[in-house]
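Notebook open, model loaded. I want to go through this chain one topic at a time and jot down what I look up.

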Amino acid sequence: MDRISKLPLGVIETILCLLPTQEAARTSILSREWRYHWTEISKLEFNEEAFEVSTYGAEPSVLEQTFDFPSHRKVMTRRCKLFYAIYQVVIMHQGPIHEFALSMRADGSCVEIDHILFHLSRKNTVKILKLDFIGKYKLPVSFFSLHQLTDLYLNDCAIDHQPSFNGFGGLTTLHLQEIHICVKELMRLLLSCPLLKRLAILSDAGTINGIGDVTIADFIKCLPGIEYLSLSCLIFLCFPPLPKELPTTMVHLKYLRMEWVWFRHKYVVPFLVLLIRSSPNLEKLKLEIFPDDDLFEESETGSFPRKDYPDITLEHLTELEILQFSNADNETDFVKFILAKSPVLKKVRILLWDEIDEDEKLQISKIVRSSPRASRVVKLS
């Protein structure tokens, strides 16, 4: 008995959405009943690598193994077949598309991808859009017509112009990785998202231009309702000298995650303290340290400020997580600072750098465990 075919249409659609789009389309050969089920699924996902393995097999040719890369002609042939498959799916699709994901190599502007985004903008039903590229793809004008977006993920995309548009009024999640954009255009983009709650900017300073034209205070003003913030420390090292305080308090911020944190740099600790001071309701703090002591000149380094910060109390912080802890300058002092200022702290997880020997690990553990704590229930791991 074919029990799956007797399931409600909503359940069948959910099952098909869990499959890669290419596999979902292949269910059309099961029976006459199943021929068009896949054309109504609301989630479409295309991955170039998965498409190549499925279409050509995982084993490369002898020539590809010898030179460690496929020929240009072969790459173009595969790409044309991928786009042909995407076009077929998009054209035959009958229902609304609520989620669309595309992962592939792209170089500059790509007409085929432009056409896909234009088609999605005409339907204007996409709520979740994930574009994961290798090669800096330039977003077309039609991208700014996707007004129904609630979640947007961009990797290695370039935004060098923003036409007059009404903004992404429903966007709540924005994830930008290796985004190529002018900082003023970035701020304009953020201001066009009044409901934004979750923001991640994981790019180095080389991909964001014109940082010297604005201050951190100007940037923070664009984030009035942010609850989840994930940033690369690389960006903010290029801002002008830090102010003593931020004019806009991030009262909604509950989760702060920082990548590429160099504690030896003279601006890093003041910047972290500045963010913490401006986030009175912060609940979770996660730092991923970059343990490289030889990265900066002596003039760029600084020590942890030797003061008590009486105006700072982390009344809501419950979790602290630090990865790649190396016991370098300022790292231990910062942990002591958090322990002393967090009366409801429950969990502290410190993952040590792999190159630290066992004796130093024991020494770090003794220092941290013997440090004064404002919380009596905190557990260290």
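**Ser232 first.** I'm working from a predicted model, so side-chain atom pairs count here only at pLDDT 80 or more. I looked up the cover on Ser232: its relative accessible area is 2%, so I note it as buried, the cut-off being under 20%. Ser232 belongs to strand E9, which runs over residues 228–232. Its side chain comes to 3.5 Å from the backbone oxygen of Ser203. Leaving out residues up to four places away in sequence, I find Ser232 touching Ile201, Leu202, Ser203, Glu259 and Trp260.

**Trp260 and its ring partner.** Trp260 turned up in that contact list, and I went on to the aromatic pairs. I get 11 of them by the ring rule. In one, the ring centres of Trp260 and Trp262 are 6.0 Å apart with the planes at 75 degrees, so I log the pair as edge-to-face. Buried or exposed, what is Trp262? It is buried, at 7% relative accessibility. Trp260 is partly exposed, at 37%.

Trp262 has another ring pair, with Phe290: the centres are 5.2 Å apart and the planes stand at 90 degrees, so this pair is edge-to-face. Where in the chain do Trp262 and Phe290 sit? Trp262 is in the loop between E10 and H10, and Phe290 is in the loop between E11 and strand E12 (319–325). They are 28 residues apart, so I note a link between distant parts of the chain. Phe290 counts as partly exposed, with 27% relative accessibility.

**Other rings.** I also found a cluster in which ring pairs link Phe143, Phe144 and Phe168. Then I checked for charges over rings. Arg198 has its charged end over the ring of Tyr228, 4.1 Å from the centre. Lys130 lies over the face of Tyr153, with 5.2 Å to the ring centre.

**Helix H10.** How many of the residues in H10 are buried? Eight of its 10 residues are, so I put this helix (residues 268–277) down as mostly covered. The buried ones are Val268, Val269, Phe271, Leu272, Val273, Leu274, Leu275 and Ile276. What do they pack against? I list helix H8 (216–220), helix H9 (233–236), strand E10 (255–261), strand E11 (284–289) and helix H11 (331–341).

**Cysteines.** I looked for disulfides and found zero. Cys110 is buried, at 7% relative accessibility. Cys222 is buried too, with a relative accessible area of 6%.

**Whole chain, to finish.** The protein chain has 12 helices and 14 strands. Of its 381 residues, 45% count as buried. I get an accessible surface of about 19800 Å², and 53% of that belongs to carbon and sulfur atoms. Among contacts with a separation of 6 or more, 73% are between residues 24 or more positions apart. The Trp262 and Phe290 pair, 28 residues apart, is my worked example of a link between distant parts of the chain.

Note on methods. Residues numbered from 1 in each chain as written. Predicted model: local features only at pLDDT ≥ 70, side-chain atom pairs only at ≥ 80, totals over all residues. Heavy atoms only, no water. Disulfide = S-S within 2.5 Å. Buried < 20%, exposed > 50% of the residue type's maximum accessible area, 1.4 Å probe, protein only. Helix = DSSP H or I, 4+ residues; strand = E, 2+ residues; numbered from the N terminus. Polar contact = N/O pair within 3.5 Å; in protein donor to acceptor, adjacent residues only side chain to side chain. Contact = heavy atoms within 4.5 Å. Phe/Tyr/Trp six-rings, centres within 6.5 Å; stacked < 30°, edge-to-face > 60°. Lys NZ or Arg CZ within 6 Å of the ring centre and 35° of its normal. Areas by Shrake-Rupley, 256 points an atom, 1.4 Å probe, with all protein chains shown as cover.
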